[in-house]
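Subject: Structure for your files

Hello,

Here is the structure I said I would pass on. My notes follow below it.

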Amino acid sequence: MTNDFEKLENLIVGCKKCTRLVSFRKKIAKEKRKQFINEKYWGKPITGFGDPKARILFVGLAPAAHGGNRTGRVFTGDRSSDFLYKCLYKAKLSNQPNSDHRNDGLKLRDIFITTALKCVPPGDKPTKKELNTCFKYFNKEIEYLENLKIVVALGKIAFDACIQFYKKTLQN
Ligand code: SF4
């Protein structure tokens, strides 16, 4: 199953299907925010992160322009994510209280975190077409989480994406 996640991750990271979002994520990575001017931004799609055997799933909208789009990891690099990872550590769901970038040694236990859309959208507003195009990656992530019991959706778009997934699953 880990192998499936790795293959999916490679597919997502190389994706260029939404031309508007490809341009936007690159633009942000080039222009940068002043406080991160000396950092190399990730500037590519963000994949889900965590324990493939997780029973708990957190779903957000999309990577933040100077958070995930900078650090290369979902929910990483801004204040709300600092709070989230501290809580996960306190709940013994991770091996460290901080999430700084892709290679900081963080490991999650029993939890997987992802976003409905894998690229940062301008103004946090993806189009319906972009959401639908990206939805297949989100679907696959949920499908691979075979032990899933609890889904926490953060925001309307994330919630709708989860509902859409489960509706489809029930129909099949
Ligand atoms: S939003 Fe999803 S489908 Fe669109 S370019 Fe990014 S990864 Fe690909």
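I start with helix α5 (128–144), in which E130, L131, C134, Y137, F138, E141 and I142 are buried. Buried here is a count: 20 or more other C-beta atoms within 10 Å of the residue's own, with exposed meaning 12 or fewer, partly exposed anything in between, and C-beta atoms placed from the backbone. Helices (H or I, at least four residues) and strands (E, at least two) are DSSP runs, numbered from the N terminus.

Two points on how to read this. The model is predicted, so local features need pLDDT of at least 70 and side-chain atom pairs count only at pLDDT 80 or more, while totals for chains, interfaces and linings use all residues. Residues are numbered from 1 along each chain as its sequence is written.

Helix α5

The buried residues of α5 pack against α1 (2–13), α2, β3 (111–115) and α6 (156–171); a contact is two C-beta atoms, placed from the backbone, within 7 Å. The helix bends by about 40° at F135, the bend being the angle between axes fitted to the seven residues ending there and the seven starting there. Its length still agrees with expectation, because 17 residues at 1.5 Å a residue should span 24 Å and the end C-alpha atoms of α5 are 25 Å apart. The expected span is 1.5 Å times one less than the number of residues.

The ligand

The ligand is surrounded by 14 residues, and the closest are C15, C18, K118, C119 and C134. By class the shell has nine nonpolar, one polar and four charged residues. Nonpolar covers Ala, Val, Leu, Ile, Met, Phe, Trp, Tyr, Cys and Pro; charged covers Asp, Glu, Lys and Arg; the others, Gly among them, are polar.

The sheet

Four strands form an open sheet in the order β1-β3-β2-β4, with mixed pairing. At its edges stand β1 (49–50) and β4, each with a single partner strand, so one side of each is left without a neighbour in the sheet. Two strands pair if DSSP finds at least two bridges between them. β1 and β3 are antiparallel over two bridges, with F49 bridged to I113 in β3. β2 and β3 are parallel over five bridges, and G60 has T115 in β3 as its partner. β2 is also parallel to β4 (residues 150–153), over four bridges, where V59 stands opposite A153.

All five of the five residues of β2 (residues 56–60) are buried, so the strand is largely enclosed by the rest of the structure. I56, F58 and G60 lie on one side and L57 and V59 on the other.

Residues to look at

K32 is not a glycine, yet has a positive phi of about 65°. K32 sits in the loop between α2 and β1 and is partly exposed, with 17 other C-beta atoms within 10 Å. D124, in the loop between β3 and α5, also has a positive phi, about 60°, without being a glycine. D124 has 13 C-beta neighbours inside 10 Å and counts as partly exposed. F83, in helix α4 (residues 79–90), is exposed, with 10 other C-beta atoms within 10 Å.

Regards

Note on methods: Near = placed C-beta within 6 Å.
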